[in-house]
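Please open the structure in your viewer and keep the selection tool at hand. The stops below say what to select next and what is found there.

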Amino acid sequence: MNILIINGSPRETGRTTQVTREIHKSYQSSFLDLSQLSLPIFTGEPHQYETEEVQELIKKIEKGDGILLATPEYHGAMSGALKNAFDFLNSAYFAHKPVALLAVSGGGKGGINALNNLRTVTRALYANVLSKQLVLDPADILEKGTLRKNAADGIHELVNELTMYTQVSKQILEAKQNV
Ligand SMILES: Cc1cc2nc3c(=O)[nH]c(=O)nc-3n(C[C@H](O)[C@H](O)[C@H](O)COP(=O)(O)O)c2cc1C
């Protein structure tokens with residue numbers, strides 16, 4: 001079973017980048033880091049799909065049985081980098097896939113708008129978006145992306161739930177193939 005963590009922040013030193021790198025280290029997972037992947041701005045032209053960056057995006061998403069999607073909240077929504085990445089994809093890459101949502105906010109009760117935005121978009125891609133979700137504030141994050149205990153516990157619960165649904169969904173899909 002392959003859990004894929006996606007860092008939806010374009011900022012190499014951003015909190016979302018730091019936190020997702022730490023989560024990637026702590027859990028056996030693959031990692032797609034949008035701060036390291038210079039995707040073109042989506043135009044829909046066929047030549048864009050031949051670029052190494054778009055191919056890497058597609059391969060990693062295809063191999064993910066379950067996905068933890070992390071976005072910074074930018075102006076009450078997910079990052080433009082993450083939305084641009086989604087625009088290269090379609091429901092064939094997400095249908096039946098369990099997806100867990102994580103937002104990193106600037107504080108002041110931010111984050112929920114990014115989660116709701118991410119939920120609407122991933123539903124449009126036919127992902128199976130879990131009910132459990134999490135916001136991390138700057139106060140939750142210590143040096144270089146390590147987390148305070150409560151926040152680390154929240155991540156643990158989110159990853160556990162994603163793992164559970166990913167296992168179930170894999171079993172259902174395999175059983176369906178064998179009919
Ligand atoms: C362009 C931009 C817009 C932002 N808008 C919001 C916002 O609407 N709500 C919020 O809580 N924080 C906002 N922030 C703060 C980020 O959420 C904060 O920096 C957080 O650490 C996650 O972003 P990062 O991963 O880029 O660090 C914004 C930051 C930037 C750069």
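Begin by selecting Lys 25 and Glu 22, which form a salt bridge whose closest N and O atoms are 3.0 Å apart, a salt bridge being a side-chain nitrogen of Lys or Arg within 4 Å of a carboxyl oxygen of Asp or Glu. Both residues lie in helix 1 (residues 15-26), three residues apart, about one turn of the helix, where helices are DSSP runs (H or I) of at least four residues and strands (E) runs of at least two, numbered from the N terminus. The model is predicted, with local features needing pLDDT of at least 70 and side-chain atom pairs pLDDT 80 or more, while totals for chains, interfaces and linings use all residues. Residues are numbered from 1 along each chain as its sequence is written, and side-chain values use heavy atoms, leaving out hydrogens and water.

Next select Lys 170 and Asp 65, a salt bridge with its closest N and O atoms 3.9 Å apart. This pair links distant parts of the chain, as Lys 170 is in helix 6 and Asp 65 in the loop between helix 2 (52-63) and strand 3 (66-72), 105 residues apart.

Glu 174 and Lys 170 both lie in helix 6, four residues apart. Through shared partners, salt bridges join Asp 65, Lys 170 and Glu 174 into one network.
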